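Notebook open, structure loaded. I went through a handful of spots and jotted down what I looked up at each.

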Amino acid sequence: MGPTTDAQSVLHTLQQRLDRPPSQGFTPETLQAREELLRATADLLSDSDRRLAYETDLTAISTAAGAAIAALDVSSSLEVGGLLLLLEAGQPLECFELASRSLQPPQAPALGSGREADLALLAGLAGLAGAADLHAQRRYEGAAQILKQGLQVLQRMGQWPALRQQLSDELEGLTPYRVLDLLSRNLTASGERAEGMALLEDLVKRRGGLDGIADPLLDSEQFEAFFKQIRAFLTVQEQVDLFSRWADEGEMPRSAKADSLATKALTASGFVQRKPDRIAAAKQRLQACKEAQPETLLACLHLLLGEVEQARALFEKGASPAQKQWVASQSSDPLAQLCAHCSDWLKRDVLPGYRDLEADADLEAYFADRDVQAYVERHDPKIPAPFEQTAPSLALGGPNPFAVGPAQANQYDQDDQDDQDDLEDEPWLDSLLPNWQWPDNWRWPENLQWPQNWGLPQNLIPSRPSKNQWGAAAAALVVAVGAAAVVSKLANQPQTSATNKPALAIKPAAPKPAPPKPPELVPAAVPLVAAEPNDDQVRALLEAWLAAKAEVLAGKNSKESLEAMARPAPIEHLQAQRATDQASGTTQQISTRITNFEIDQRRANRIAADVSLEYRETVLDAAGKPQGPTSTMTLRNRYVFGLDGGSWRLVYYEKVPNQ
């Protein structure tokens, strides 16, 4: 009732409340106390003088600077009736707290008394209502704690078994929401996240595994939607550990779905962190799976390990006509087609869905990495001995795409950065490779040394590559990986005798004057278009991205164009973070400060930097009030930038593992 409600309306409301007492099983004493309090309230509001004095006191309390609140002084004999009215007034949490306190010594009523039964009933009903209110506010873990406390109260009293079951059912139904709540916490909240992981495992075990259907609360479609949302809050390592454990036979039945998820997580980790041994573990897991796996998936794993022939054979065997038609539309070169298929698989099925990964499906950058090249070289099968060359051939087909002919070459000793220019100046190259064009921004792998008396690889380079990204990726794969492996293995082999045909002689390159020292560059604003940016310029680009990211997560528009600073993958990940916050009605107040910036890799179209940051994060609700304490941590990330269309952009970042 409002301040302007007249006396007649007050009496009418009183009669309605008296005619509709609660039906949950309260004792006559509690119902009588409720009726007395209702009549006393009606008498007060019907008397104009008393009502005016009462409302004046309420106004004074509400405007006072102190911590005083409006309250009623109720005698102990009417206390349970007053708590019942508090519950009816829509204050279940306050009612639950007071009822629970009244059941504790020294206020605890006599065992078996009607007062004890009514207080226990009030605690159970208030717990249910309070949990429903918190659930509506998306405070799922708070709702679960209220239900747990209500259960404990009723179990201690040994009363109201039906109400206890209702509380238990509500608590069990909250499990998916609790998992979402706990796993979405900051990574520093290790205790809450560990509890969320335990709840997730219990939920999956209750279903009978990932492939089970035994859960009556979540049907298969609901569980799929829930699980897809949960994965986005797990780190890649958490997914590797969790799905690998679920896939292996143990407490839960072996799951083909868990095998698939573990394979994807291992592949994502290996690809982004440049650890092919993890991709090899993913391939081994997939091959050991009892259920048949698509050959096209295995083809991608073989390709990422540099096993080109196996990849090609599996793709040809397992690809559907639609897949073959699609890759053919990307390039006419078989290797480039494999790269297109693999990159699409990484982008669509592997790289999305991890809390701590932001990466592009950049095969060229992957195969240009030194660790990847070293792995491929170590695991490359023995290369056949050179055979007699009859005519230059650039076909990619045949049993070995890296076959080597016996053509002799003079010593070629030139600085690595000038290799491409020197090769383009040689007249013999035009006659040997009339249709070849170097892919844009391609460079020989760093530290690649040409051995003396080494024959030119006959089938090293695909003929007439497509002028698109897959042609560049294919060329990078063949040259950067294949050449490095072949050269290193043939460097100490005795050279076979040549045929009577004249050998191709490579004339030494004329010495070039030392290039002038470039002038010092001033850090440029976004976009960064310098061909060879210095450390300050790359750092300025990273700071611009971090500032833009903070603006987006704060619910604002970035002052700079996101597309000018980053590739689509980091932008999509950022937008997904913001969408999750919007769904929960929150924003993030983030501040970062770079404390150490060191570029550890430079190439023609790739720069990687090891960066240490001081990071502060505060989650704000819709009213701008903090939800929980501010998280402060020191991070160490590796940021990778790529050259796209004349400007540098962020490709991905990853956490640097502890040494």
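**R274.** I started with R274, which counts as buried because its relative accessibility is 4%; buried means under 20% relative accessible area, exposed over 50%, partly exposed in between (1.4 Å probe, protein chains only). I found R274 in the loop between α13 (256-272) and α14. Helices here are DSSP runs of H or I with at least four residues, strands are runs of E with at least two, and both are numbered from the N terminus. R274 is not a glycine, yet I read a positive phi of about 60° for it.

**Ground rules.** I noted that this is a predicted model, where local features need pLDDT of at least 70, side-chain atom pairs count only at pLDDT 80 or more, and totals for chains, interfaces and linings use all residues. Residues are numbered from 1 along each chain as its sequence is written, and side-chain values use heavy atoms, with hydrogens and water left out.

Most residues other than glycine have a negative phi, and most peptide bonds are trans. I therefore also wrote down W160, which is partly exposed with a relative accessible area of 24%. Its phi is near 50°, a positive value in a residue other than glycine. W160 lies in the loop between α7 (140-157) and α8 (161-173). Then I checked the peptide bond from P105 to P106, and that one is cis, with omega near 5°. P106 belongs to the loop between α5 (92-102) and α6 (114-136).

**Helix α4.** I listed the buried residues of α4 (residues 79-88) as V80, G81, L83, L84, L85 and L87. Just after α4 comes G90, with a positive phi of about 85°.

**K283.** Next I moved to helix α14 (residues 276-288), where K283 lies. Is K283 buried or exposed? K283 is buried, with a relative accessible area of 13%. Which side chain does K283 join in a polar contact? I found E307, at 3.3 Å; a polar contact is a pair of N or O atoms within 3.5 Å, and within protein one must be able to donate a hydrogen and the other to accept it, while residues adjacent in sequence count only if both atoms are side-chain atoms. Leaving out residues up to four places away in sequence, K283 touches L298, L301, H302, L305 and E307, with contact meaning heavy atoms within 4.5 Å.

**D181.** I looked at D181 in helix α9 (residues 175-183) too. D181 is buried at a relative accessible area of 14%. Not counting residues up to four places away in sequence, D181 touches R139, Y140 and E141.

**α16 against α18.** The axes of α16 (residues 308-318) and α18 (residues 334-350) come within 11 Å and cross at roughly 75°. Axes are lines fitted to C-alpha atoms, for helices over the stretch in contact, and angles run from 0 to 180 degrees between N-to-C directions. I therefore logged α16 and α18 as roughly perpendicular to each other (65 to 115 degrees; under 35 is roughly parallel, over 145 roughly antiparallel, the rest oblique). From α16, V308, A311, R312 and F315 meet P334, L335, L338 and H341 of α18.

**Whole chain.** Last, I counted 25 helices and 4 strands in the protein chain. Of the 659 residues in the protein chain, 47% are buried.
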